[in-house]
Structures are given as structure tokens and as C-alpha cells.
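Have a look at the chains first, then read on.

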Amino acid sequence: MSTLRSREARAGPPEEGRLYVGNLDAAARRARELLLGKMKLGKLVDWGTAFSLWPVHFTTSCCGCEFAATWSPRFDAERYGALPWLSPRQTNLIVIEGTVTKKMGCALRLVWEQMPHPKFAIAMGACALDGGIFYNSYNIVRPWEVVPVDVFIPGCPPRPEALARAIVELQRLIREKGVASKWIEEGEREDKPAPIPKEDLCSWWRG
Amino acid sequence: MSLDAVRSRAEEALRGVYTGVEEGKGFVAFRVPAERVVEAAEALKSAGFDHVKSVTAVDRPKEGVIEVTYHVSSYSDPELARGIVGITVSLPRDNPRMPSLSRIWVSAEFQEREVFEFFGVVFEGHPDLRPILLIPPLAEKHPLRKDFIVKEEQVYKGGITKLEQPP
Amino acid sequence: MSSPGELKLSGWEVGETRKLPGMDVKKIGKDLYEIFIGPQHPGSGHMRIIVRLDGDVMVEVDPDLGYVHRTMEKLAEGRSFIKVIPLVERMAILDACNITLPYVEAVEKLMDIEPPERAKYLRVLLCEINRIASHLYGMGIFGVFLGHSTMYMWPFGDREVFVELAERLTGARLTHSYPVPGGVRRDVPEGFTDDLRKAVRYMRKRLEEYRKIFLDNPVIRARLEGVGVIPRNLAIELGIVGPNLRASGVEYDVRMVEPYEAYGELDFEVPVFEEGDALARAWVRVEEIKQSLRILEQVADKLDKMPREGFMHDKFWAKAPKLYKDVYSREGRVKLMPLFANLKVPAGKAFARAEAGRGEIVYYVESEGKFTPYRVRVVSPSFRNAIVFKYIAPGHRLMDLPAIYGSIDYFPPEADR
Ligand code: SF4
């Protein structure tokens, strides 16, 4: 690393129009302009993203039982090209499995912020819609106030088939509406309401 | 029956300490003054009641007290395992304090932390008295006390805005 | 973020926080580091564990629960008695019948009614189906923790057999709400017991294969043997419950010490192991599944022999509308009767316990003679097991933490309520 940086320093600021291996940000910006600006590659991006959805391993509540069952042999959601993965840094889908408590709300936002663009969210269960059976609890937040949600699944808990359906639905959204490529172009989602500020969620967080 | 045997064993251990007996369905609770609760717990423990099943607190605003009951039973003595014995302490609602029993029964440690945050009962001598389930701003409000109100279910009574609480 | 070139590990004061790529690291003592695991972590479960490490040996472990605390005890105070059943069921929907049963029993104790004989057997039937499903779930998650993906796939596949059975019996995959005060919600469908026997035969065969691929697997044994040992006296002292307790040599099972429902009339054993390590805890679960299969067979025989009547206490059944009785006499089963909407429970205090899949669950229900309970206190098995992290994990290496976590079969929604 240090040798690279010193060479960079000697070369001065990166010139536009050339790809520098050492400067990832500039390289990514260049590549994006090349691919999306001049060619119709947006469709390719959407197509590719739709079939490589990686839900992050982040269980928020009891709907997690059905989430686990969805990837089990009987329902086998892996055939849609989605497989739960461990680290948020390598995933692009978050399935919010039911209730999000106030304590979890902060963790949910932190995980969401760690995921790279373009990323999507599915809210699973009645609790994630509007509280469900815990509608008057003093310790819950609505997940759509924390992250922008693309697909909602009703049910308590939704059957695994419903979750599989939601994944197919999300793939359709991505391919028809071009969510993934637009997101890359514009940088952020403007079609979703602004979530509650992080300070509200995480003011108590230690660590 | 077997429950009677458990009861008499507990009664024997607590003789002179308890001030009243309360019959519940499925358990029997002995009332103990807050100053002597450590003594009572030690007596029960040496009589073979080796773990706490539940530290149950109930808020009674009408009487101005918070009642804390330790429901204890035994793993090592199959005879005692058949029954459940409680020791109940009444604490004033505005300043609930009592000695911690988690030095005697380690199994009460997390449950005392829970009662601490939900009712505000301070357990003196507890090794680590912090909120366990709630975030700190909520824990200060002691949500399981009766004066913490949550919005309740409402029934539709005709009209658009007329919503009433069920009886 | 400071650039890596600036990172000098020497001269790092105790108490100082430094930014490393992607995390903050605080030095809390000489060679002592604090790391935060979760709530998003590679296993399953939503709990944060704060670990202090010396090298890679854990010296202090502080479980930080409450990420799924949904305030059930408070909400129960505002709901009518019958509505509390689905509420507390959400604690552990994969073990729904066992979790709600003691609540129903406590309400029954307050009302002084006993369910009829057939209802008792029906409750045992669903309880054991749930217990098997819950143990299989636990084993699957254990597999995820250890990175043994076969052991995730197999039990989850086999669990579907029992989930399917429960669905046929109650109409829901997980949220059964099956026991209600006075009996159960419906009777068994036609041909159910035959399918049950088939499932039992199938599962027996599978358990043998589990043993070969998982429990006797040399790699798994190397990871689990002697890890997370809970000695007998410590298990009693910490008050842990369920299979974890029985793996430490304590013979305690609520089904044995205080037989509820029909358990007193059934013939089964309680498996107890002496080692108290992670492997023993896995073995207890497998042995318990075997015993549950035995119980299921006996219940199936018994249900076949019994006349198909009386799944609900007469007190309620007498009040049922004629339509329900007609449907029941014609088809042999009806859904829940709308009799409980204004159920008033006499004043009193009741305490009930039952053996759920993860261990003993206790309820304290207090009524004031109104439509809603005055106080519902529930202590769930996982909450009582959570203390193990604090007292057992220190002294092990950090990489043993997943093995300990998985072997305890900790289910956070159940612990946090
Ligand atoms: S929707 Fe139902 S199953 Fe899902 S988290 Fe909420 S209560 Fe649990």
C-alpha cells in the first residue's frame, strides 16, 4: 500500500480519461461513465443483479423461522439465484423478518449502511407492515421508517412460498423498472420516503 | 399430597421469618419483610431449594406497593422439585429497594436486572445492575408499572371517529 | 478512517480508541481487547455478545439481550384472556404448542376446569410434534454455526414432515394456537394417525443417519468434545433448563416431576448425559426425539381407540351454537368456537410450568376477575439459558463461541419475549 501511495503522490492528481489501478474511486467512476453513459448496459446490470440477490444473514424476529425454511430443501429458494450470505459487505438484499424493535432498529440501519449499492429490502410479515400483533407495543419501529422497502409480504408468518414469490417479484421490479441501473446512475433512491435520521435511532448505541 | 410435603419443608425452614402465607394455584408464597429476605433465602437454599424459576414483580398502585416474588424450586432434590415455593416482599412504590438475592441464587441475576428496568426496583448488592432488555431511555420509564399506559385496542362504535375502549 | 500507514500498535494507551478499517477498537487493558459480536452475525439469532479477549482466549463475556423484546408482558395486560394465547405464542412460533400450553393451564387452574381426556391426548400429540420440529430446527441452526451445511439441510428437510403434520392438524404451519382453555381448537382429521405412524417410522431411520454424518463425525467431535462443559453443580446453580440441564447429569423434566396433561399415563424415558459438553447437548436432543417418537406412537394408538368426542370441556361445548354441533357430528371436527370473546376468569393467582422444546417454561397469571389479566409473567427457557454465556464461555477460545452458542440452542425471540 505505502509504495503505491508514494508513486501516486509523485504522479500528481489522477488525470481524467485514464484508468488508474491505484485510485479505485476514480476508476469506478470512469468505468461507470463508460459502461452506462455510452452503451445500453443498464439492462445488463439489471439482468445480472436480478439473478444474483444475496440476502444478508440478519434475522430480526420470529419470521426468521420461515426465512430459514425458505432455503431448506422443501422450498429451495436458491433456485431463484438468491442465497443468504454472512457479511453485509458482500450482500445486496436485506429481508426484514418481522418486528424491528427500537434496539434492533439501529442495528438494522447500520447493516443497511454497510451494504454496497445497489441494494434492496423486502419486509416480511405483518409486523414489518404496521406492527401486526404488536401494533401498540412501546418498543417497536416500523421498518419502512428505517430503510426504503421495495416489497412487502403480508402474513404472520408468511409461508415460505410467499417469500419465494417476493423474491421473484423483486426480480421483476429490478428488470422492468430498472431499479438497479438507475440507482447506480443516480446514486440514491428518490422514489422512497426519507427514513428517520440515524441520530434518532442510534443515540443510545454503545460500541 | 406431595405439594404439602414441599410446603411443610419450606415452612420449617422459614419458621420465625415469614409473616404470612398466601395460597396460589400451583404454588405457595410466604410473605417476608424486606429486611429479613436474605435470611429467608439462605434458609430456603440450605433446605434444598437451589434455583430461582421466576422473579415475579407485580405493581399494585392501589396499595402503593410493588410486590416481588421469588418462585424457587429444586433440581437436586426430586421430592422438592414437585412443588414451587415463593417468597414475597412488599416494597414501597416510590422508593423500592431490597437486598439482592443473586449472591445466594445466581440464577436470579438476569431476572433481577429485568425487574430493575421494568419496575425500577433497586437490588442492593447486585453484582451488575444494568438494564438488560430495553434501551436506556426506555428503561428509565419502567414500562411494566401500571402508570405506563400503552394505547389499547379499540372497538368500532359507528361513525368515523368514535372509537371506544372495550370494557 | 486513518490510513493504514499511520497505525502504530506500539504506544497504544489503555482506554484509547483507535479506528481500524471498518471498526473501532478499544484497548481496555494490557493485551486485552473488546469485540462486539452481533446482532448481525454469521449464525442465526439476534443477540449481541460483548467479548473481552486476551489473545484469543475469552476472559469476559457479556450477553446483550433484548433485540427482539416485543413487550409481551405489557401487551398481555390489555388483551382479553383468549387473545393472549396468540400473543405469547410469538415468543417461539416454532414451538408454539409447548409455549402456550402452560398459559392455558394457568387459566384453567384459575377457572377450575380440566380438559376432557381426549383433549389431553390431542395436546400431547401437538406438543411432541412441536418438540421434534423444534429440536430439528435447533440442530439445523447448530449446523449453520459450525459451517456444516449438510446438517442444516437434513434437519430442515425432515422438519417439514412434522410441520406438515401440524399444519394438517391445526391449519397453520407454525402459529397453531391449538390449546385453548377447556380443550383444544379442533379434533384430528381423518387418516391423520396413519400418516403420523409413517412419519415416526421415517424419522427413526433418519436419526441413525444423523448419527453417522454429524454426531460421530470426527471433525464435529473434535470441535465439540470437551467444549463448553457445564458441570452438574454449576448447572444447578445457574438454573439452566431443558436439554442443556439434562446433558449435565441432572434428571429434571417437568413431564416427569409434575406430569401435566396425559404424560402421566404415557411410557417414556428422560435421556440424561453426564459429560455436560456441547456434544452431549447435541446427543440429548437426538435421544429426546427418539422418546418423542415413542410417545407419538402411543398417542396415535390411544386416539384410535378413543371415541371421537369431547375435545372441549362441557362447560364450553354446552354453550356452542347448534351449527357447530351439527358440523362436528357430521365431519368430526370444527374450528374454534366463538365462546371465548367475553371470557371472564375468576380472581386469583396461578403458576404453571411445562417442558417446552428448549426447556422449562413458567407462567404466572394473575386475574382480578375481569376480561383481561392483571399480570402475566413468563420466564422462557432461553432467557434462563442465556446466563450460560456469561459464566461458561470465559476461558474458551473465541472460535469455540459458535460451538457453545449453537449447542445451547438459544432462540432470541423466546428469550426476549
Ligand atoms: S409477522 Fe408474525 S411471525 Fe412475523 S415477526 Fe411478526 S409476529 Fe412474528
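Is C:Lys290 buried, partly exposed or exposed? With a relative accessibility of 32%, C:Lys290 falls in the partly exposed class (under 20% relative accessible area is buried, over 50% is exposed and partly exposed is in between, using a 1.4 Å probe and protein chains only).

## Ground rules

This is a predicted model, in which local features need pLDDT of at least 70 and side-chain atom pairs count only at pLDDT 80 or more, while totals for chains, interfaces and linings use all residues. Residues are numbered from 1 along each chain as its sequence is written, chains are lettered from A and ligands numbered from 1 in the order in which they are written, and side-chain values use heavy atoms, leaving out hydrogens and water.

## Chains A and C on their own

Chain A has 9 helices and 5 strands (DSSP runs numbered from the N terminus: H or I of at least four residues for helices, E of at least two for strands). Along the sequence they run α-α-α-α-β-β-α-β-α-β-β-α-α-α. Of its 207 residues, 49% are buried. Chain A exposes about 10,200 Å², with 57% of that from carbon and sulfur atoms (Shrake-Rupley method, 1.4 Å probe; for residues, only the protein chains shown count as cover).

Chain C comes with 17 helices and 10 strands. It has 417 residues, and 65% of them are buried.

## Where B meets C

Here 53 residues of chain B are in contact with 50 residues of chain C (contact means heavy atoms within 4.5 Å). About 4,100 Å² is buried between the two chains (the accessible area, 1.4 Å probe, that two parts lose on being put together, summed over both). B:Lys25, B:Tyr75 and B:Phe110 supply 19% of what chain B buries against chain C, more than any other three residues.

There are 11 salt bridges between chain B and chain C (a side-chain nitrogen of Lys or Arg within 4 Å of a carboxyl oxygen of Asp or Glu). C:Glu368 and B:Lys62 pair up in a salt bridge, at 4.0 Å from N to O. On the chain B side, β3(B) gives the largest share, 10 residues.

## Where A meets B

This contact draws on 7 residues from chain A and 14 residues from chain B. About 900 Å² is buried between chain A and chain B, 63% of it from carbon and sulfur atoms.

## Charged pairs within chains

Side chains of opposite charge can pair when their charged atoms come close. Over all chains, the whole structure holds 66 salt bridges. In chain B, B:Glu39 bridges to B:Arg36, with the closest N and O atoms 2.9 Å apart. B:Glu39 is partly exposed at 40% relative accessible area, and B:Arg36 is partly exposed at 29%.

Back to C:Lys290: its salt-bridge partner is C:Glu287, at 3.4 Å between the closest N and O atoms. Both lie in helix α11 of chain C, 3 residues apart, or about one turn of the helix.

C:Asp267 and C:Arg294 also meet in a salt bridge, at 3.0 Å from N to O. C:Asp267 sits in the loop between α10 (254-257) and α11 (278-305) of chain C and C:Arg294 in helix α11, so the pair ties together parts 27 residues apart in sequence.
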